[in-house]
Amino acid sequence: MWFARAKPICAALIAVAIAGPALSAEMTSDAINSAEPSKKTLSTEKATPAGVRLQVLLDRAHFSPGEIDGKFGENAKKALRAYAEARQLPGSDELTADAWQALRTDDRPVIANYTITEKDVAGPFLSKMPSKMEDMKDLPKLGFTSPREGLAEKYHMSQQLLAAMNPGQRFDRAGDTIIVVDTGENGAGAPAKADRVEVDKARQTVTLFDKSNALIGFYPATVGSKEKPSPTGTLKVTEVSRNPTYRYNPDYHFKGVHSGKPFTIKPGPNNPVGTVWINLSADGYGIHGTSEPGKVSKAESHGCVRLANWDAERVAESVTKGTAVAFVDGER
């Protein structure tokens, strides 16, 4: 397994504080399913029904906006630009009529009902997520902190958006019906296989291409930092580990970690490398998930490529041992 050999040089996020404006109060199924995105109905500051619909349709098309939060932020704009480019449409930070017409050919509702199950509420849940890596090493599992966190991750959503769509709901009772976004994961079939992966260090993105050079997946990412940049050139996938154990190597002297001895952190979605590790052919580097999907592209990593857990899992399904992973320096 990678954690016994690879000496990963990634760690928890160097957090960037981001203020969270109030969410829109109009998050009903009808409002979201019928929303028409425009300059007036999309906002970078607050969640809107149109923002939710746009993000879900991008996610379904495999142009991930990262965490679905209803805002027309930078990750949603990245996905939209890539979607337009892939379809040879004029690229823009604004949603064009041509791009929206193409996206809305998927006319299925973007909101669905979901009945909370016993498994969703069974736990065990962490009472509090430790802020220091040393404090994680003695935990039996790095699970979710609440049923709400687990349900939000299951549907690629922010916890704030899930709560706004279900006012008054505590998400802790099996049998309760809630509304969630429908990203089309169920019944989607096997993902297309990637012939190569491109990691853009400047744009902070991961893009997958098939043998015909068609773009088959696009994901916002956190790629390295000035202190510990990601590698250059082309590497290869050597192994994929799901539910990985994280091994900390004190030789890397991570900021905020004071242990002089190596230690391990048990698997779980809140593990420092999330639910999947895609090991690369340069020692210690990989593509992996994260415990904080809302900070993807908004924080720094220790050299590795960090994605939302669900996006990392999508990439893991598309790659195999030997898949080429090229690190490039594109323009922002």
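This is a predicted model: local features need pLDDT of at least 70, side-chain atom pairs count only at pLDDT 80 or more; totals for chains, interfaces and linings use all residues.

Modeller: Residues are numbered from 1 along each chain as its sequence is written, and side-chain values use heavy atoms, with hydrogens and water left out.

Biologist: Which residues have the most contacts inside the largest nonpolar core?

Modeller: A nonpolar core is a set of buried Ala, Val, Leu, Ile, Met, Phe, Trp, Tyr and Cys residues joined through side-chain atoms within 4.5 Å; buried means under 20% relative accessible area, exposed over 50%, and partly exposed in between (1.4 Å probe, protein chains only). The largest such core has 41 residues. Those with the most contacts inside it are Met165 and Val181.

Biologist: Which residues does Val181 contact, leaving aside its neighbours within four places in sequence?

Modeller: Contact means heavy atoms within 4.5 Å. With those neighbours set aside, the partners of Val181 are Val52, Val56, Ile68, Val110, Ile111, Tyr155, Met157 and Met165.

Biologist: How many residues of α3 are buried?

Modeller: The buried residues of α3, among them Val52, Arg53 and Asp59, pack against α2 (29–33), α4, α5, α8, β2 and α9. The helix is mostly covered, and the buried count is twelve of twelve.

Biologist: Why does the length of α3 agree with expectation?

Modeller: The expected span of a helix is 1.5 Å times one less than its number of residues. The twelve residues of α3 should therefore span 16 Å, which agrees with the distance between its end C-alpha atoms, 17 Å.

Biologist: Which strands stand at the edges of the sheet?

Modeller: Two strands pair if DSSP finds at least two bridges between them. The open sheet of nine strands has mixed pairing and the order β5-β4-β3-β13-β7-β10-β11-β12-β6. Each edge strand has a single partner, so one side is left without a neighbour in the sheet; these strands are β5 (215–220) and β6 (222–223).

Biologist: Which residue in β12 is the bridge partner of His288?

Modeller: Two bridges join β11 (residues 286–288) to β12 (residues 305–306), and these strands run parallel. The partner of His288 in β12 is Arg306.

Definitions and conventions
Helices (H or I, at least four residues) and strands (E, at least two) are DSSP runs, numbered from the N terminus.
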